[in-house]
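This report describes one protein chain, beginning with a single residue and its contacts and widening from there to the whole chain.

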Amino acid sequence: MSGKVDAARVVIVIPARYGSTRLPGKPLVDLAGKPMIQRVFEQAKKAKTAGRVIVATDDERIIKVVKGLAARPQ
């Protein structure tokens, strides 16, 4: 093995649970004009060693936000 990472095989999975007991709706909390999940997603997309970024969620509101991000041009 050469030590190189095959980016096509690397996946980042972001857990985004809406029903948190300490802070319900945390992934959608506004941080300086953007929902938290958007900030995390944007940072994950910058990773050079990752081929895909997936958000694992339990809520349609989070899905709606993430689909909007994924549809934007890079």
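L69 touches Q38 and F41, leaving out residues up to four places away in sequence; a contact here means heavy atoms within 4.5 Å. L69 is found in helix α2, and helices (DSSP runs of H or I, at least four residues) and strands (runs of E, at least two) are numbered from the N terminus. With a relative accessible area of 5%, L69 is buried. The classes are buried for under 20% relative accessible area, exposed for over 50% and partly exposed in between, with a 1.4 Å probe and protein chains only.

The model is a predicted one, in which local features need pLDDT of at least 70 and side-chain atom pairs count only at pLDDT 80 or more, while totals for chains, interfaces and linings use all residues. Residues are numbered from 1 along each chain as its sequence is written, and side-chain values use heavy atoms, with hydrogens and water left out.

Q38 is placed in helix α1, which covers residues 36-45. Q38 counts as buried because its relative accessibility is 11%. Beyond the residues up to four places away in sequence, Q38 touches L69 and R72. L69 and Q38 lie 31 residues apart in sequence, yet 7.3 Å separates them in space, C-alpha to C-alpha.

I37, Q38 and F41 in α1 meet V65, V66 and L69 in α2. The axes of α1 and α2, the latter being residues 60-71, come within 10 Å and cross at roughly 40°. Such axes are lines fitted to C-alpha atoms, for helices over the stretch in contact, and the angles run from 0 to 180 degrees between N-to-C directions. The crossing of α1 and α2 is right-handed, meaning that the near helix is turned clockwise from the far one by less than a right angle.

E42 also has its place in helix α1. Its contacts, neighbours within four places in sequence aside, are K34 and R72.

R72 lies in the segment after α2. With neighbours within four places in sequence set aside, R72 is in contact with Q38 and E42. R72 counts as partly exposed because its relative accessibility is 41%. R72 and K26 are 46 residues apart in sequence, and their C-alpha atoms are 23 Å apart.

**Loop residues**

R22 sits in the loop between β1 (11-16) and β2 (30-31). At 82% relative accessibility, R22 is classed as exposed. From R22 to V40 there are 18 residues in sequence and 19 Å in space, C-alpha to C-alpha.

A32 lies in the loop between β2 and β3, the latter being residues 34-35. Its relative accessibility of 75% makes A32 exposed. The phi angle of A32 is near 55°, a positive value in a residue other than glycine.

The accessibility values of the residues discussed are set out below.

| Residue | Relative accessibility | Class |
|---|---|---|
| L69 | 5% | buried |
| Q38 | 11% | buried |
| R72 | 41% | partly exposed |
| A32 | 75% | exposed |
| R22 | 82% | exposed |

**The chain as a whole**

The protein chain has two helices and four strands. Along the sequence these follow the pattern β-β-β-α-β-α. The C-alpha trace spans about 45 × 30 × 20 Å along its principal axes.

Of the 74 residues in the chain, 24% count as buried. Among contacts with a separation of 6 or more, 65% come from residues 24 or more positions apart. The chain exposes about 5,600 Å², of which carbon and sulfur atoms supply 56%; accessible areas come from the Shrake-Rupley method with a 1.4 Å probe, and for residues only the protein chains shown count as cover.

The chain has 15 positive and 6 negative charges, whose mean positions are 6 Å apart. Lys and Arg count as positive and Asp and Glu as negative, while His and the chain ends are not counted. The place of a charge is taken as NZ of Lys, CZ of Arg, CG of Asp or CD of Glu.
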